[in-house]
Amino acid sequence: MKRLLPLLLLLAVTLQLAAQTPTTLSGTVHDNAGHPLPGVNVFLKTTFDGASTDSLGRFRFSTRQTGSLPLVATLLGYQLQEQVVTLNGSPRQLALVLKPVRNQLGDVVITSGTFDASDDKRKTVFSARDVVTTAGASADVAGAFNTMPGTTRNGEEGKLFVRGGAAGETRQYLDGVPLQSPYNAAVSGMPARGRFSPMLFKGMAFSTGGYSAEYGQALSAVVALNSEDLAPETQTGISLFSLGGVSLSHQQRFERSSVAVTGDYMNMRPYFGLVPQRMLRTYESGGGSVALRQKTGSMGILKAYGAFTKQHIEALQPDAEWEGGRPVGLRAGNAYMNTTFRSAVVRGWSVQTGVAATRDQQTARVATQEAAGQEMRELEQSVVSRLVLTNDSASAYWNLKLGMEGLLQHNEQRYLAAQRDTAFQVQEQRAAGFAESDIAFSNRLVGRVGGRVEYSGVLHRWNAAPRLALAYQLNEKTQLSGAFGYFYQNPATDLLLRAAQPGQLRFERARHWQLTYFRSYANRTLRVEAYAKAYAQLVRYNPSATPNPLTPFDPATYRSTGTGYARGLDVLWRDKKSIKNGDYWISYGFLDTRRQQRQDPVLAVPTFAARHNLSLVGKYWLSKAHTLVGATYTYNSPRAYFNPNSPEGYNQGRLPSFQDFSLNASYVTTLWKNFTIVHVSCTNVLGRQNVYGYRYASTKDASGQYASVAVMPSAPRMVFVALLISINKKRPANTDEAPE
């Protein structure tokens with residue numbers, strides 16, 4: 001519930017990042033003749049920390065990693081250089097020399113579909129700092145990525161809707177293992193929030209299409225979340241929130257291992273007394289997590305992470321047949337465990353493997369005219385595993401990646417209403433394998449060829465998905481790349497649960513084409529990407545069996561006959577150079593999409609898609625005031641909706657445009673000699689009355705019309721104040737620069 005929940009973890013992340021003492025690595029890179037080499041990619045292996053050299057061959061970056069790690073320097077046409085460096089908080093000055101070579105895989109990188117929000121040229125990465133300092137994102141990963149091109153902000157759901165795709169078409173991975181339940185529970189009409197704190201991650205990669213064959217079950221987009229390795233130092237934190245919340249954390253660092261424990265509780269009733277709500281009446285949550293990290297050898301690390309969450313929500317849901325809103329209640333519990341291991345093996349091979357288990361249970365009660373009301377119970381239990389083998393050193397001209405995945409999943413839904421007890425359940429056993437290779441055809445041309453196969457036990461079907469990409473370096477600053485591929489996904493769980501014969505359904509399919517222009521120089525980045533997607537085998541209902549889109553649909557009519565398309569243009573400009581201590585980006589996405597899926601009687605614009613999507617994001621560090629300020633403006637053009645009272649046809653209605661202007665500020669100081677951050681944020685500062693849709697009665701009234709009610713935020717804006725104290729961390733002596 002992004003607009004309504006407090007930013008429970010926002011300042012904890014900001015404090016954690018600001019409090020750590022990084023190691024600064026700087027130096028120069030030259031060729032054999034002593035000439036400086038600009039555009040060299042210098043980074044720490046197995047991390048996202050790095051930089052590119054400037055026109056004089058100089059580089060500089062900071063890292064919170066500790067211990068010994070290989071520092072890698074790569075440039076197209078030169079041999080890769082690798083040097084082990086010790087990271088202990090002391091600055092390191094290095095002088096690197098690269099030797100020339102022909103046709104080596106180097107700085108030409110396949111980047112189609114990815115949009116950059118950080119300084120890392122090698123991948124599209126949000127750091128935790130990017131997330132928590134983006135105004136309006138509410139310290140939520142999805143909220144931050146919703147400022148990227150290709151996304152449409154849906155305030156009533158709060159999830160990622162990418163390039164004309166529904167939220168379920170974006171798959172999230174945690175340390176390479178697929179996430180089965182990435183969002184917290186929420187009642188219908190109110191936004192959900194990502195289940196994990198950004199402080200867990202060292203990098204968050206977002207790919208809006210044309211992604212690697214290692215990712216599956218995603219028709220539109222992939223989010224790859226990479227957790228921190230060893231905790232950088234021993235530290236204890238206390239966080240107090242104006243919304244009735246408290247969070248406690250402690251991390252203990254040992255020489256080759258670390259443990260981090262968190263616990264939090266929130267009850268928003270005091271806040272509701274100060275800020276009246278349209279819908280929300282109760283929000284109470286509690287949870288905790290444990291993260292264990294153990295280094296195994298110079299390059300290996302074993303990670304174990306466990307978390308649990310409990311929620312209690314009471315709300316008045318917009319309902320045209322219930323004056324003032326229909327009372328609903330939700331109780332939810334989630335438990336998650338993830339264990340991963342990565343290490344070098346032999347002869348250039350490395351392994352990354354993991355297993356994760358999820359148990360998610362929700363009980364929703366909805367008021368009806370009958371005293372007992374109705375209750376729906378949902379249960380999802382799953383175990384997923386993954387193994388990936390990579391060889392980056394078999395040849396200077398190509399590499400190889402092989403992998404496999406397995407999933408066991410059990411879903412149940414049970415309805416209790418008016419002395420009726422109806423139950424549905426589905427069991428899925430899914431297996432997948434993939435292979436992929438990057439190939440250097442010349443010093444400027446690199447290709448990627450890969451494929452993925454999957455088998456679904458519930459569908460009793462196989463699929464095979466070929467994927468191709470090509471990148472050409474126009475010059476040291478500019479690259480042109482393209483991608484093509486097929487992507488498959490199971491029908492949504494609610495469809496599989498209700499389908500009379502799930503085995504009659506097929507994998508839903510999308511075919512991607514895209515072309516990307518990328519230019520990056522002197523902390524300025526421009527990306528322009530044109531794309532086209534073609535959908536096939538989408539699940540839809542038989543319109544002749546259910547002619548009224550407002551009425552339930554017969555599960556016996558489910559068929560994989562739906563089609564659709566999405567095409568558009570995404571543009572991102574980011575500038576960290578022009579304004580000293582400043583950072584801003586402008587993202588724009590144009591989207592033309594139609595689909596015929598589920599209840600759609602004709603090919604129509606989906607209700608979750610907007611034709612024009614614009615975000616303006618700015619951040620500025622006030623060094624004398626020791627304060628980081630941020631602002632975000634978001635605009636989505638009017639979305640489509642179906643008005644049964646209008647003769648214009650299906651999904652021809654248009655909502656008002658969505659607009660949001662949000663501000664935040666974080667002040668760095670000390671309290672009782674402990675490092676402290678005071679954070680203030682306000683979403684939708686101007687109080688715009690955004691409308692997310694309309695809900696209609698199922699029958700006509702006396703005037704022959706279907707009554708309707710608007711779906712809107714529970715409150716027009718949210719003001720949030722928080723105090724974070726790091727008990728054993730002193731304020732840094734130099735506060736002229738923004739906290740890391």
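**Surface, strands and ring contacts of a predicted model**

The structure is a predicted model, in which local features need pLDDT of at least 70 and side-chain atom pairs count only at pLDDT 80 or more, whereas totals for chains, interfaces and linings use all residues. Residues are numbered from 1 along each chain as its sequence is written, and side-chain values use heavy atoms, with hydrogens and water left out.

Of the 740 residues in the protein, 56% are buried, where buried means under 20% relative accessible area, exposed over 50%, and partly exposed in between (1.4 Å probe, protein chains only). The protein has five helices and 37 strands; these are DSSP runs numbered from the N terminus, with helices (H or I) of at least four residues and strands (E) of at least two. Among contacts (heavy atoms within 4.5 Å) between residues at least 6 apart in sequence, 64% join residues at least 24 apart.

Strand 26 (residues 524–540) runs antiparallel to strand 27 (residues 559–575), and 14 bridges join them; leucine 526, for instance, has tryptophan 573 in strand 27 as its bridge partner. Strand 27 also pairs with strand 28 (residues 582–595) in the antiparallel sense, over twelve bridges, and here valine 571 is partnered by tyrosine 588 in strand 28. Strand 27 and strand 28 form a hairpin with six residues between them, and in the turn asparagine 581 has a positive phi of about 65°.

Strand 8 (residues 170–174) is joined to strand 9 by two bridges and the two run antiparallel, with tyrosine 173 opposite proline 178 in strand 9.

A search of the whole structure finds 18 aromatic pairs, meaning rings of Phe, Tyr and Trp (its six-membered ring) whose centres lie within 6.5 Å; planes under 30 degrees apart count as stacked, over 60 as edge-to-face and the rest as tilted. Phenylalanine 196 and tyrosine 336 form an edge-to-face pair, at 5.4 Å centre to centre and with 65° between the planes. Because phenylalanine 196 lies in the loop between strand 9 (177–178) and strand 10 (201–207) and tyrosine 336 in strand 17 (residues 326–344), the pair ties together parts that are 140 residues apart in sequence. Both phenylalanine 196 and tyrosine 336 are buried, and ring pairs link Phe196, Tyr305 and Tyr336 into a cluster. Tyrosine 415 and phenylalanine 424 have ring centres 6.1 Å apart and planes at 85°, so this pair is edge-to-face; tyrosine 415 is partly exposed at 25% relative accessibility, and phenylalanine 424 is partly exposed at 24%.

Charged side chains also meet rings, a charge being counted as over a ring if NZ of Lys or CZ of Arg is within 6 Å of the ring centre and within 35 degrees of the ring normal. The charged end of arginine 163 sits over the ring of tyrosine 531, 4.1 Å from its centre, and arginine 595 lies over the face of tyrosine 535, at 4.4 Å from the ring centre.

Terms used: Two strands pair if DSSP finds at least two bridges between them.
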